[in-house]
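Hi there,

Here is the structure I promised to hand over.

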Amino acid sequence: MPGQWGTLRRIALAPSTESITFTRRGFPVAADETTERLEAIPRSAVCGFEWGIEDRGRRELERRPDLVHPDLRGFACEGATMAATVRNALPGSGGRTPDLLRHGGRQHLFLAYVGIGFAMARLRDRCGAGCFPS
């Protein structure tokens, strides 16, 4: 269960699942099974991000991807790793990303690194090089 700070981080930083649909992003799509299947990918990443930005510990975060369909767990891991990287940039929150990569993130290492890249790009856009330790 997330605490107050976790809930505030999620509200402030996580995109809504509605904001990431193809229609909302301006793509002309048919409402069919293929569209639903493809939109499940970013939804899984957002779920992983929400879990990672809220979590109180690595063990809880490692168990949550089991709630996602096996074909989509890597994307949930991508989102969780993105959140861990963002949290590493916050004061007093370092070490989350390496810890996740050594444990639960190992199964989906490639997508975990994609999540790190997305987070670093977003952080650099928001706060420049000051977010990253030397």
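**What I found**

Leucine 100 counts as buried, because its relative accessibility is 6% (buried means under 20% relative accessible area, exposed over 50%, partly exposed in between, with a 1.4 Å probe and protein chains only). Before going further, please note that this is a predicted model, in which local features need pLDDT of at least 70 and side-chain atom pairs count only at pLDDT 80 or more, while totals for chains, interfaces and linings use all residues. Residues are numbered from 1 along each chain as its sequence is written, and side-chain values use heavy atoms, with hydrogens and water left out.

Leucine 100 sits in helix α5, residues 96-102 (helices are DSSP runs of H or I with at least four residues, strands are runs of E with at least two, and both are numbered from the N terminus). Not counting residues up to four places away in sequence, leucine 100 touches Arg58, Leu61, Ala80, Thr81, Ala84, Gly105 and Arg106 (contact means heavy atoms within 4.5 Å). Its C-alpha atom is separated by 9.4 Å from that of cysteine 77, 23 residues away along the chain.

Now the chain as a whole. It has six helices and zero strands, and 37% of its 134 residues count as buried. Among contacts between residues at least 6 apart in sequence, 63% join residues at least 24 apart.

Next, a helix pair. The axes of α2 and α4 come within 6 Å and cross at roughly 35° (axes are lines fitted to C-alpha atoms, for helices over the stretch in contact, with angles from 0 to 180 degrees between N-to-C directions). The residues of this contact divide into eleven nonpolar, four polar and two charged (Ala, Val, Leu, Ile, Met, Phe, Trp, Tyr, Cys and Pro count as nonpolar, Asp, Glu, Lys and Arg as charged, and the others, Gly among them, as polar). On the α2 side they include Phe49 and Trp51, which belong to the set that meets α4 residues including Met82 and Val86.

Leaving aside neighbours within four places in sequence, alanine 119 is in contact with Met82, Thr85 and Val86. Alanine 119 counts as buried because its relative accessibility is 1%. The C-alpha atoms of alanine 119 and alanine 83 are separated by 7.3 Å, although the two are 36 residues apart along the chain.

About 600 Å³ of space lies in the largest pocket (a pocket is an open set of points on a 1 Å grid over the protein atoms alone, where a 1.4 Å probe fits, with protein on both sides within 12 Å along at least five of seven lines; lining residues have an atom within 4 Å of a point). Of its 18 lining residues, the closest to the centre are Leu13, Pro15, Phe49, Met82 and Arg122. Helix α6 supplies the largest share of this lining, five residues, and the lining divides into 14 nonpolar, no polar and four charged.

The second largest pocket has a volume of about 200 Å³ (the space filled by probe spheres set on the grid points, which are joined across faces, edges and corners). Leucine 100 is one of its lining residues, and Cys77 and Ala80 are among the others. Here α4 gives the most, with three residues, and the lining divides into five nonpolar, three polar and three charged.

Best wishes
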